[in-house]
Amino acid sequence: MLKAVMQRCSAYHCIHGIFRIPLQQKLSRRVLSSSQGAARRLGGGSDDKQPLVLTDIDGKIATLSLNRPPVNSLSLDMCQAISSAIRDIEKDKHVQGMILASSFPSTLSAGLDLNELYKPDSERLNQFWSSFQQLFLDLYGSRLAVIGAITGNAPAAGCMLALCCDYRVMASSPTSGTSKPPMIGLNEARFGIVAPPFLGNLMLRTIGMRRGEAALSLGTLYTPEQAVDIGLVDEIVPLEEVISRSKEIALHWASVPPHARVASKMLARKRYLEELVDTRNEDVEHFRRFVLNDKVQSNLGAYLESLKRKK
């Protein structure tokens with residue numbers, strides 16, 4: 001059995017005892033963010049001097065907290081900061097697990113920063129989408145056991161962050177008061193854009209073809225209870241237990257011999273990572289043409305205006 005597994009992993013090479021796929025070096029955009037803080041608490045990137053991500057390392061487990069107020073929207077700088085933080089954590093050979101969390105309990109991430117898409121500079125738009133692709137590759141292809149600690153809303157690209165994790169723990173709906181339940185899903189269709197193929201296909205693989213097709217077409221957002229029922233998240237717990245439960249899960253995953261855990265993960269994910277790498281330039285061009293379409297720009301403008309009226 002071990003011989004068969006090793007043969008199937010022949011496409012990998014071993015770095016410090018961990019199987020890594022060559023595509024993680026190929027076409028990787030190494031944009032390093034600045035760091036702030038003490039030895040084991042690091043801040044990556046900056047937005048008006050606010051660190052965009054915060055990293056804590058405790059033994060084998062790191063916690064990467066998204067830290068761009070108010071809702072961790074994914075700008076060019078935010079994508080680069082998260083990617084840089086993941087790679088920095090991976091350099092510590094002792095760390096085997098990572099909890100992906102938010103500094104703001106109400107939201108993991110509200111998704112793409114739509115200001116990057118509306119009336120964009122053409123070159124920056126290309127850079128933005130390439131950085132978003134790289135974030136997907138870095139998170140979905142990480143050697144770390146990544147546990148999503150979803151305390152709040154995770155729509156659109158926020159759902160992407162969750163889908164890339166190995167395991168997802170979400171806060172359950174409030175049982176008292178007037179607070180609304182957190183929601184998760186790929187709702188891009190609601191504001192006139194479409195999830196990219198690499199993300200839409202991940203949704204289909206996660207919740208199934210028929211249900212996924214309807215969810216993408218309708219831009220469906222799910223409550224925690226609905227999400228766990230369809231397999232979009234793995235378990236739900238009360239809000240105050242999300243982080244502690246995520247740490248328990250991370251320690252459990254980190255206890256598995258890393259060469260076996262990572263090789264098994266890549267058996268499931270390598271094909272889809274390579275598909276994006278191989279079609280990366282075409283995906284950027286397709287996205288660029290789609291976003292610059294007059295109708296899409298009109299829809300984005302109307303949606304952004306509606307958000308302003310809600311403030």
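1. Basis of the reading. This is a predicted model, in which local features need pLDDT of at least 70 and side-chain atom pairs count only at pLDDT 80 or more, while totals for chains, interfaces and linings use all residues. Residues are numbered from 1 along each chain as its sequence is written, and side-chain values use heavy atoms, with hydrogens and water left out.

2. The chain as a whole. The secondary structure comes to 11 helices and 12 strands, where helices (H or I, at least four residues) and strands (E, at least two) are DSSP runs numbered from the N terminus. Of the 311 residues in the chain, 53% are buried; buried means under 20% relative accessible area, exposed over 50%, and partly exposed in between, with a 1.4 Å probe and protein chains only. Among contacts (heavy atoms within 4.5 Å) between residues at least 6 apart in sequence, 73% join residues at least 24 apart.

3. Helix H10. This helix, residues 280–291, has 12 residues and reaches 16 Å from its first C-alpha to its last, close to the 16 Å expected at 1.5 Å a residue, the expected span being 1.5 Å times one less than the number of residues. Its buried residues include Arg280, Asp283, Val284, Phe287 and Val291. They cover an arc of only 100 degrees around the axis, which puts them on the same side of H10; the arc is that of the directions from the helix axis to the C-beta atoms. On the other side of H10, Asn281, Glu282 and Arg289 are exposed. The partners of the buried residues of H10 are helix H3 (122–140), helix H5 (197–207), helix H9 (258–278) and helix H11 (294–310).

4. H2 against H3. Helix H2 (residues 76–90) packs with H3 at an angle of about 30 degrees, with the two axes 9 Å apart; axes are lines fitted to C-alpha atoms, for helices over the stretch in contact, and angles run from 0 to 180 degrees between N-to-C directions. That makes H2 roughly parallel to H3, given that angles under 35 degrees count as roughly parallel, over 145 as roughly antiparallel, 65 to 115 as roughly perpendicular and the rest as oblique. H2 passes H3 in a left-handed crossing, a term that applies if the near helix is turned anticlockwise from the far one by less than a right angle, with right-handed used if clockwise. The contact involves, among others, Leu76, Ile82 and Ile86 of H2 and Phe128, Phe132 and Leu135 of H3.

5. H3 against H9. The axes of H3 and H9 come within 10 Å and cross at roughly 165 degrees, and the two helices are therefore roughly antiparallel to each other. This crossing of H3 and H9 is left-handed. From H3, Gln133, Phe136, Leu137 and Tyr140 meet residues of H9 including Lys265, Met266, Tyr272 and Leu276.

6. Backbone points to check. Most residues other than glycine have a negative phi, and most peptide bonds are trans. The peptide bond from Pro69 to Pro70 is cis, with omega near 5 degrees, and Pro70 lies in the loop between strand E6 (61–66) and H2. In that loop between E6 and H2 Asn72 is also found, with phi near 55 degrees, a positive value in a residue other than glycine, and at 0% relative accessibility Asn72 counts as buried. Lys119, in the loop between E7 and H3, has a positive phi near 50 degrees, and Lys119 is exposed, with a relative accessible area of 65%.

7. Thr107. This residue is placed in the loop between strand E7 (97–102) and H3, and at 7% relative accessibility Thr107 counts as buried. Although Thr107 and Pro70 are 37 residues apart in sequence, their C-alpha atoms are 8.7 Å apart in space. Leaving aside neighbours within four places in sequence, Thr107 is in contact with Val71, Asn72, Ser102, Gly152 and Asn153.

8. Met170. Strand E10 (residues 167–171) holds Met170, which counts as buried at 0% relative accessibility. The C-alpha atoms of Met170 and Ala149, 21 residues apart along the chain, are separated by 6.2 Å. Not counting residues up to four places away in sequence, Met170 touches residues including Ile150, Gly152, Met183, Ile184, Val233, Ile236 and Val242.
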